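This report goes through selected local features of one protein model. Please look at the sequence and the structure before reading on.

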Amino acid sequence: MGITYDSILQRFVFDFEHDGNEDIVSLTSTGYQVEAFGKCFYYGYEFAEQVDGTVRSAFIKHVKFSGSIQENPDLAMFIKKAVDNLSHKINLYDYNLVVMPESSSKVNEYMLRYIYRFAQPTLRKMELVKNLPLNISFDMDAYEQLYLDDVLENGHPRYSAVQKEAAKQSINEMLDLIHKKDYFTIAKDVKKSRFRPYMMQFLKFASKEDEQLCASIRQQNVLVIDDVATSGSTINEILRTLRILNEDNDITIFSLIGRKDLMADAN
């Protein structure tokens, strides 16, 4: 029965041997692969099409914040199975560096410890942490080129000069509000999805030493991991941060849970 929700006991039930039509997530698959972010993107599990947002959110919360993973054998197996399948596809022994975002969830750390079982002893972890709100910026040039300068089928500009200036003013006002915050979360603070790809510098390396080391690494295999990929904004920012340092490395992306329809928009 894959993963189902027992409404009487109010808990999620895992069955790693069988799947059913009413499953929230199938557990017998061997993982998924899509082209996203201009890279090869793998994810371990995909929500069934019939699962609504409320159930998805509840399950994500269960995975990310259910306490000790070591004391939850179903969740531990859930993670291990996904990493096992990933290793069969890409051979984790060949990777030199793992990069992941800072998270209050324990899933990334557990995935990392399990990945070390496959990886060579020289595998290095680097963590990207949330930047101060004052350092958040917006790529106005890219936004103007890709959005504001769009033209209609008849060749006429989609937006007038007045509309463009109004949009820029709105963005600057949004940035002013962000800069005054004590804490910044892209998913919560930037509601309009078209702004997300242009938000910059909301992640940084946990240490200057890591940043310098990553800048010096050339032609290596780098694995980017994150527990759940929904909008793709966090992964996109990780990739942008890495590309600023250099573009010489072969980057693979892995998320425990992903959504094919959302990832298709992340290229």
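D250 counts as partly exposed because its relative accessibility is 47%; buried means under 20% relative accessible area, exposed over 50%, and partly exposed in between, with a 1.4 Å probe and protein chains only. The residue belongs to strand 11, residues 250–258. Helices (H or I, at least four residues) and strands (E, at least two) are DSSP runs, numbered from the N terminus.

Apart from neighbours within four places in sequence, D250 is in contact with Q220, N221 and V222, where contact means heavy atoms within 4.5 Å. C40 is 210 residues from D250 along the chain, and the C-alpha atoms of the two are 9.8 Å apart.

## Basis of the model

The model is predicted: local features need pLDDT of at least 70 and side-chain atom pairs count only at pLDDT 80 or more, while totals for chains, interfaces and linings use all residues. Residues are numbered from 1 along each chain as its sequence is written, and side-chain values use heavy atoms, with hydrogens and water left out.

## Helix 2

Helix 2 covers residues 73–90, 18 residues in number. From first C-alpha to last it reaches 26 Å, close to the 26 Å expected at 1.5 Å a residue; the expected span is 1.5 Å times one less than the number of residues. Buried residues in helix 2 include L75, F78, I79, A82, V83 and L86. Just after helix 2, N91 has a positive phi of about 60 degrees.

## Helices 4 and 5

The axes of helix 4 (residues 140–148) and helix 5 (residues 161–179) come within 12 Å and cross at roughly 140 degrees. Axes are lines fitted to C-alpha atoms, for helices over the stretch in contact, and angles run from 0 to 180 degrees between N-to-C directions. Helix 4 is therefore oblique to helix 5; angles under 35 degrees count as roughly parallel, over 145 as roughly antiparallel, 65 to 115 as roughly perpendicular, and the rest as oblique.

Helix 4 contributes M140, Y143, E144 and L148 to the contact, and helix 5 contributes K164, A167, K168, I171 and N172.

## Positive phi in two loops

Most residues other than glycine have a negative phi. Q10, in the loop between strand 1 (2–6) and strand 2 (11–15), has a positive phi of about 55 degrees. Q10 is exposed, at 61% relative accessibility.

Q219 lies in the loop between helix 7 (208–216) and strand 10 (221–228). Its phi is positive, near 50 degrees, and Q219 is exposed with a relative accessible area of 69%.
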